[in-house]
Amino acid sequence: MADKTSKTIETLIRARYPLIYVVSFEEERVCNAISKIAAQRTKQLYQWSVTDGLLTPDGTYLAEFKDPLKVLEYILQMDVNGLFILKDYHPFMNDPVVIRKLRDLGKSLKLSMKNVIFLSPMLKIPGELEKELTVVDYKLPEKDEIESIVKNIAASVGGKNQEQIENKDFLNKVIEAALGLTAEEAENVFAKSIVENGSFDLKTILAEKEQIIRKSGVLEYYHANENMKEVGGLEQLKDWLGKRGKAFSVKARDFGLPEPRGILMLGIPGCGKSLTAKAISSMWQLPLLKLDVGKVFSSLVGSSEENVRRAIATAESIAPSILWLDEMEKGFSGLSSSGQTDGGTTARVFGTFLTWMQEKKSPVFVVATCNNVKELPPELLRKGRFDEIFFVDLPSKQERKDILKIHLEKRHRKPEEYNIEKLAEMTKEFAGSELEEIIVSALYDAFDEETELNQSHLENTINGMIPLSKTMGDQIKGIREWAKIRAKRASNASWEDEGNSIRQIEV
């Protein structure tokens, strides 16, 4: 059965689109799909590469047409009902003569039965050809195609592997583990799994998938070991996430619910935003992909836009998934001056990401964190981009007690052996990360003294620590004022309810 992308290409061919640019790493898979289209439409298929020249329908190579300009002239002169696949042609599109020839070719092909299909893993189009070319992103294999690959390999090996995939639940787990891989990568990792383990092993498949995603240099497959029990407080945020987590099911679709789009968590640094992002993955049992916005921007012209498109395509291919953007404002800083500083690259990358967030249909839940909301462009914050914007404030007294207990237990100490009430009183205006650092520092002191951790170690550490709320008082006050009317509170209680106010430092 033809996939959606193949049908799109067939439609463009039938509509006589002269120049089609297909973006894919899967050269063989795409060529096979176009070969089927050619057979169905009774068209002759020609394939070109700079190393072999032009391959004719009868299997003959015409080496004299290795030159990228000569092959265009040959296509222009031919009187055939045919499809021409030009592999890795994008480097030659920088030549002014080639650009002019392609523009001439586009006009001539509209009156013929010929279509030229550029096949490349990279999308690099000069400005002169933007209106001449139609771009198609060839999607990675979907579940039915992966299932076919699994069954073919199991049938070829036989034995217990065949019995394994007869279990529908196990088969679905294998298929979901391989989503995001190309057809060839999936075949390779299934074969590797059988050679190493004698069966389809989910850990082997996921490990290979992690390596492949990392090779992009932009996305990181994150193993989330954190869970919501390690997040102190933030009850309203936890309650919201608990309800939205159920919305990825088929039952929710039948009920008429759309998939959740994402959340933006903004607030004071060190108060649990990144920890919560990791914990969502464990809570919902969904893969977590971390997008490093800094790595998106490359020195090569056009690479940054390609990087973000590839990252989005990868996240969609393994959906349902979570795409995490940590400290989002840093990645898109300098947006207003992008036209003068980087030729508009930052603006174009941001525009691509913004459009995808607004129009995405796949169940990719975006989790963005931000410390300084004033650096974010206003169009990102309007309704439709995120389901909700949460403000994560300094922890309240009860939340501080919970956080202290969590970190004491993580370090094999019993909270009831310490005066948690007093410690919480002493740590007004301290962030969650600072509470953790208090316990770690106190443990160092106790270890140095060769004694067990006691209350005095903790109190002495608190007295010697200056919290971020003092050194960044003005900035934190500005964030809180902004969030009061524009964001939902992540916690039930506020530290302000204790009669506190952020103290300012005189400069």
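1. Let me begin with a helix on a sheet: helix α10 (residues 235–245) lies across β9, β12, β13 (388–392) and β14, and runs at about 170° to β9. Please keep in mind that this is a predicted model.

2. Seven strands form an open sheet with mixed pairing, in the order β8-β10-β11-β12-β9-β13-β14. At its edges are β8 (219–222) and β14 (488–489), each of which pairs on one side only.

3. On one pairing, strand β9 (residues 262–267) runs parallel to β12 over five bridges. Within this pairing, glycine 262 is opposite valine 366 of β12, and methionine 265 is opposite threonine 369. Strand β11 (residues 321–325) also runs parallel to β12, and five bridges join the two. Here serine 321 faces valine 364 as its opposite residue in β12.

4. Now for another sheet. This one is open too, with seven strands in the order β4-β3-β2-β5-β6-β1-β7 and mixed pairing. Strands β4 and β7 (134–137) stand at the edges with a single partner strand each, so one side of each has no neighbour in the sheet. β3 and β4 pair in the antiparallel sense over two bridges, and leucine 54 has leucine 62 in β4 as its bridge partner.

5. Two helices pack on this sheet. Helix α3 (residues 68–77) touches β2 (44–49), β3, β4, β5 (82–87) and β6 (115–120), and its direction makes about 175° with that of β5. Helix α4 (residues 96–109) touches β1 (19–23) and β6, with a direction at about 115° to that of β1.

6. Do have a look at the loop between β3 (53–55) and β4 (61–62), where threonine 56 lies. Is threonine 56 buried or exposed? Its relative accessible area is 13%, so threonine 56 counts as buried, the cut-off for buried being under 20%. Leaving aside residues up to four places away in sequence, threonine 56 touches Leu45, Tyr46 and Leu62.

7. Salt bridges come next: how many does a search of the whole structure find? The search finds 20 of them. Side chains of opposite charge can pair when their charged atoms come close. One of the pairs is arginine 29 with glutamate 26, whose closest N and O atoms are 2.6 Å apart. Arginine 29 is buried at 12% relative accessibility, and glutamate 26 is buried as well, with a relative accessible area of 8%.

8. Another pair is glutamate 421 with lysine 397, the closest N and O atoms being 2.5 Å apart. This pair links distant parts of the chain, 24 residues apart: glutamate 421 is in helix α19 (residues 420–426) and lysine 397 in helix α18 (residues 397–410). Glutamate 421 is partly exposed, at 37% relative accessible area. Both residues belong to a network of salt bridges that links Lys397, Lys401, Glu421, Glu425 and Lys428.

9. Finally, arginine 413 and glutamate 452 meet through their side chains in a salt bridge (2.5 Å, N to O). Here too distant parts of the chain are linked, 39 residues apart, with arginine 413 in the loop between α18 and α19 and glutamate 452 in the loop between α20 (432–449) and α21 (455–463). Arginine 413 is partly exposed, with a relative accessible area of 22%, and glutamate 452 is likewise partly exposed, at 47% relative accessibility.

Note on methods. Residues are numbered from 1 along each chain as its sequence is written. This is a predicted model: local features need pLDDT of at least 70, side-chain atom pairs count only at pLDDT 80 or more; totals for chains, interfaces and linings use all residues. Side-chain values use heavy atoms; hydrogens and water are left out. Helices (H or I, at least four residues) and strands (E, at least two) are DSSP runs, numbered from the N terminus. Buried means under 20% relative accessible area, exposed over 50%, partly exposed in between (1.4 Å probe, protein chains only). Contact means heavy atoms within 4.5 Å. Two strands pair if DSSP finds at least two bridges between them. Axes are lines fitted to C-alpha atoms, for helices over the stretch in contact, and angles run from 0 to 180 degrees between N-to-C directions. A salt bridge is a side-chain nitrogen of Lys or Arg within 4 Å of a carboxyl oxygen of Asp or Glu.
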